[in-house]
Amino acid sequence: MTAAELQRQRPLTGWHVLAIFVGGFSIIIAVNLALAFNAVRTFPGKETESSYIASQNFDTDRAAQEALGWMVETKLTATALRLAVQDAGEAVVRPEIIAATLGRATTVADDMTPAFAWDGHAWVAPVTAGTGNWNLRIEMRAADGTLFRRRISLRVTP
């Protein structure tokens, strides 16, 4: 049967156009609602109470951290996290770890607090990390009291 014969049998009416219109927009609205729901559900939360107040000390804090001259090396595997810090002279530094959170960038569901132990050269913690991208948000204190904060992107490969 040709298209012309089919059109003669069932003409396109206003009800057909309305059904196509409602069906198309229903799909668009459903997809938008699904995306909005997942965006809100996986939002990890705010980083700071007031970005304005945090910005007031940003340059001073950054300069103090850079003055330490620390080089931070991290390695993440499926079962362990290693954090090594060296000073500008490449000597091993053992900073005090104030806070550490290892988690995914997009959700807090997998967040964990690594239990670091000093092995003589670096901080090592047993973790359970699946493949993919991870963030280590760490705050350490130098011997002189300077706070050192970093968000380090890590990747576990299969």
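1. Where is Ala67 found? Ala67 sits in helix 4; helices here are DSSP runs of H or I with at least four residues, strands are E runs of at least two, and both are numbered from the N terminus. At 65% relative accessibility, Ala67 counts as exposed (exposed is over 50% relative accessible area, buried is under 20%, partly exposed is in between, with a 1.4 Å probe and protein chains only). Its C-alpha is separated by 9.4 Å from that of Ala88, 21 residues along the chain.

2. Before going on, a word on what we have. This is a predicted model, in which local features need pLDDT of at least 70, side-chain atom pairs count only at pLDDT 80 or more, and totals for chains, interfaces and linings use all residues. Residues are numbered from 1 along each chain as its sequence is written, and side-chain values use heavy atoms, with hydrogens and water left out.

3. On confidence: pLDDT is the predictor's confidence in each residue, from 0 to 100. The protein chain has a mean of 89, with 94% of its residues at 70 or more. Helix 1 (residues 3–9) is where confidence is lowest, at a mean of 66, while strand 6 (residues 123–126) has the highest, at 95.

4. On the layout: the chain has 4 helices and 8 strands, and the order along the sequence is α-α-α-α-β-β-β-β-β-β-β-β. The radius of gyration is 27 Å, well over the 15 Å that the globule rule gives for 158 residues, so the chain is more spread out than a compact globule. (That radius is taken over C-alpha atoms, and the rule is 2.2 Å times the number of residues to the power 0.38.) The C-alpha trace spans about 85 × 40 × 25 Å along its principal axes.

5. Among contacts (heavy atoms within 4.5 Å) with a separation of 6 or more, 56% come from residues 24 or more positions apart. The chain exposes about 11200 Å², of which carbon and sulfur atoms supply 59%; the areas come from the Shrake-Rupley method with a 1.4 Å probe, and for residues only the protein chains shown count as cover.

6. Now Leu76, in strand 1 (residues 71–76). Leu76 is buried, with a relative accessible area of 8%. Leaving out residues up to four places away in sequence, Leu76 touches Leu81, Leu102, Val127, Ala129, Trp134, Leu154, Arg155 and Val156. Leu136 is 60 residues from Leu76 in sequence, and their C-alpha atoms are 9.7 Å apart.

7. Ile152 is one to look at alongside. Ile152 lies in strand 8 (residues 147–156) and is buried at 17% relative accessible area. Residues up to four places away aside, Ile152 touches Val72, Thr74, Trp134, Asn135, Leu136 and Ile138. Arg137, 15 residues away in sequence, is 6.4 Å from Ile152, C-alpha to C-alpha. Trp134 turns up in the contact lists of both Leu76 and Ile152.

8. Is Trp70 buried or exposed? Trp70 counts as buried, at 13% relative accessibility, and its place is in the loop between helix 4 (58–68) and strand 1. Neighbours within four places aside, Trp70 is in contact with Val85, Gln86, Asp87, Val93, Pro95, Met140, Arg141, Ala142 and Phe148. Val127, by contrast, is 57 residues away in sequence and 24 Å away in space, C-alpha to C-alpha.

9. One backbone angle to check is at Glu90. Most residues other than glycine have a negative phi. Glu90 is not a glycine, yet its phi is positive, at about 65 degrees. Glu90 lies in the loop between strand 2 (80–86) and strand 3 (92–93), and counts as exposed at 57% relative accessibility.
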